[in-house]
Amino acid sequence: MLDQSIKDQVTSVFQLLENRYTFAVKFNPNRSDAQELVGFINDVVSCSSLLNATFSEVDKVDILEFSLLKEGNDTGVKFQGIPGGHEFTSLLLAVLNADGKGKNLPDETIMRRIKGIQEKVTLQTFVSLSCTNCPDVVQTLNIFALLNPNITHEMVDGARFEDEVNSLHIQAVPTVFANGKQFHTGRGDLATLLRKMEDTFDCLFDDSCKPTVREFDVVVVGGGPAGSSAAIYSARKGLKVAIVAERMGGQVKETVGIENIISVPYTTGEKLAADLQKHIAEYSIEVFDQRTIDRVDLQGNVKKVYAIGGEVFESKSLIIATGASWRKLNVPGESDYMGRGVAFCPHCDGPFYQGKDVAVIGGGNSGIEAAIDLAGICRKVTVIEFADTLKADEVLQKKTQSLDNIEIFTSTETTEVIGNGSKMTALRMKNRETNEEQEMPFDGVFVQIGLAANSKPFADQLETSPIGEIKIDERCRTSIPGVYAAGDVSTVPYKQIIIAMGEGAKAALTAFDDRIRQ
């Protein structure tokens, strides 16, 4: 299955392995894809003398899986299906992580929290091999299993186990089940998933323990374009700088193609995020990734940022660059049917709705682009826009007009997501001009209504706009001296990557100027 060039790359990846690993494979020989799995595993095993495989034929019809063993002991990591596509990296990282290697391994503070989960937790993540968000979740939960013997994790390729997917009413990936109950749906980073685990299951870690205090000249909260720029500009002034972030790269990692950064004709979100981290590494910047901010104290000369896990970051200059996240409708039924009809990523979840009727809420560029993409696989796409006209670029609007399976409703408010208890079945909508209400059946809905500023930890101390953006002046100063904001979390107009980078630099320069002028 693997061509020689890929085998050569895998051989290089595994050349520093120190322990022996076994893929314990179980399969029903009558499955049409059974020999495909056997061939796949044999190809991977051939890439290192420290890898081997055992094969067991079983009678159970739907068995096609393998577990990862380290020196003969179960690691708690299992793959159901054949982890090709984007999940091939998840397989390679599982082996590396089990060996204590890989840049994705968390630091000691995060490891301590993962090991502190005391309950027995069986995790299953249903994925699509074409999904770009799934590997982040799979790789994170594999780490949980590798570090904590109370946790097991299994990746399930939904395309190969459709009966199981249908019985669980899964309509979005990744979808995670914990001890048989739906636990998480959609994109998720380590900080988010770990906090959910701590909120759901018993853990030993106690936030009341004596905190670890870390002191810096400048603390930047957020690791996206604005935060990275602010940290680099601050470090270039010779200051002691820290970045505290839920995930390095931020929202930009979810962007597929980027064509409007001047002098860079084309790049991807993943590559840009990697390039930002590479640039950060050129300076003495301490990076505290996978941190969730619990609260802040912005009063006084020293600003304090409290992270879940018992860390306190102190500095006289604080730059907030926490960006924004997908905005939700916040209507009845939306949270109930998340992952069961309510979706946010047409690229990842669109294939679940092939030949079906879907709605797209939002008439901006992202909404119309989603409608155009979905029109190629869905029977009908209905765009619902709150305003009286679409806000998308004219070229996108013209494209929708050329597609006969797209219908557009303007001046229409979505008031409720309706379902049958298992999945979404309809939307309730109201015409804003006539106040007439109607219920329209849909198999799914993609919410594309823009972004909301990630300002919650700071909103009770800083002045914000009616939509939650942190108010700043022309130099990125906030309502509290020594506190600055940059990028999408602020009131700066036009939420663009290139603007966020410039605002991050501006915030850093302002903070330094204020510092030397006391």
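Student: Which residue stands opposite lysine 70 in β4?
Tutor: Asparagine 73 stands opposite lysine 70 there. Strands here are DSSP runs of E with at least two residues, helices are runs of H or I with at least four, and both are numbered from the N terminus. Two strands pair if DSSP finds at least two bridges between them.

Student: And what kind of model is this?
Tutor: It's a predicted model, where local features need pLDDT of at least 70 and side-chain atom pairs count only at pLDDT 80 or more, while totals for chains, interfaces and linings use all residues. Residues are numbered from 1 along each chain as its sequence is written, and side-chain values use heavy atoms, leaving out hydrogens and water.

Student: OK, back to lysine 70's neighbourhood. How many bridges pair β3 with β4?
Tutor: Five bridges, in the antiparallel sense, link β3 (residues 64-70) and β4 (residues 73-80). The two strands form a hairpin with two residues between them, and glutamate 71 in that turn has a positive phi of about 50 degrees.

Student: What does β4 do with β6?
Tutor: β4 and β6 run parallel and are joined by four bridges. Phenylalanine 79 sits opposite methionine 155 in β6.

Student: What holds strands like these together?
Tutor: In general, strands of a sheet pair through backbone hydrogen bonds, either parallel or antiparallel.

Student: So what's the strand order in the sheet with β3 and β4?
Tutor: The order is β2-β1-β3-β4-β6-β5-β7-β8, an open sheet of eight strands with mixed pairing. The edges are β2 (51-57) and β8 (181-185); each has a single partner strand, so one side of each has no neighbour in the sheet. On average, neighbouring strands are turned by 25 degrees against each other, direction ignored. Such angles come from axes fitted to C-alpha atoms, for helices over the stretch in contact, and run from 0 to 180 degrees between N-to-C directions.

Student: How does β7 pair with β8?
Tutor: β7 (residues 175-178) pairs with β8 in the antiparallel sense over four bridges. Valine 176 is opposite histidine 184 in β8.

Student: Which strands does α7 touch?
Tutor: α7 packs on the sheet and touches β5 (121-127), β6 (151-157) and β8; the directions of α7 and β8 make about 150 degrees. Contact means heavy atoms within 4.5 Å.

Student: How do α5 and α7 cross?
Tutor: The axes of α5 (residues 134-147) and α7 (residues 190-200) come within 10 Å and cross at roughly 50 degrees. That's why they count as oblique to each other: under 35 degrees is roughly parallel, over 145 roughly antiparallel, 65 to 115 roughly perpendicular, and the rest oblique.

Student: New topic: is α3 mostly covered or uncovered?
Tutor: Mostly covered: ten of the eleven residues of α3 (residues 88-98) are buried, including Phe88, Leu92 and Asn97. Buried means under 20% relative accessible area, exposed over 50%, and partly exposed in between, with a 1.4 Å probe and protein chains only. Just after α3, glycine 100 takes a positive phi of about 80 degrees.

Student: Which peptide bond is cis?
Tutor: The one from valine 173 to proline 174, with omega near -10 degrees. Proline 174 lies in the loop between α6 (162-167) and β7.

Student: What about asparagine 179, where is that?
Tutor: Asparagine 179 is in the loop between β7 and β8. Its phi is positive, about 50 degrees, although it is not a glycine. At 40% relative accessibility, asparagine 179 counts as partly exposed.

Student: And asparagine 435, buried or exposed?
Tutor: Exposed, with a relative accessible area of 54%. Asparagine 435 is in the loop between β23 (424-431) and β24 (437-441), and has a positive phi of about 65 degrees.
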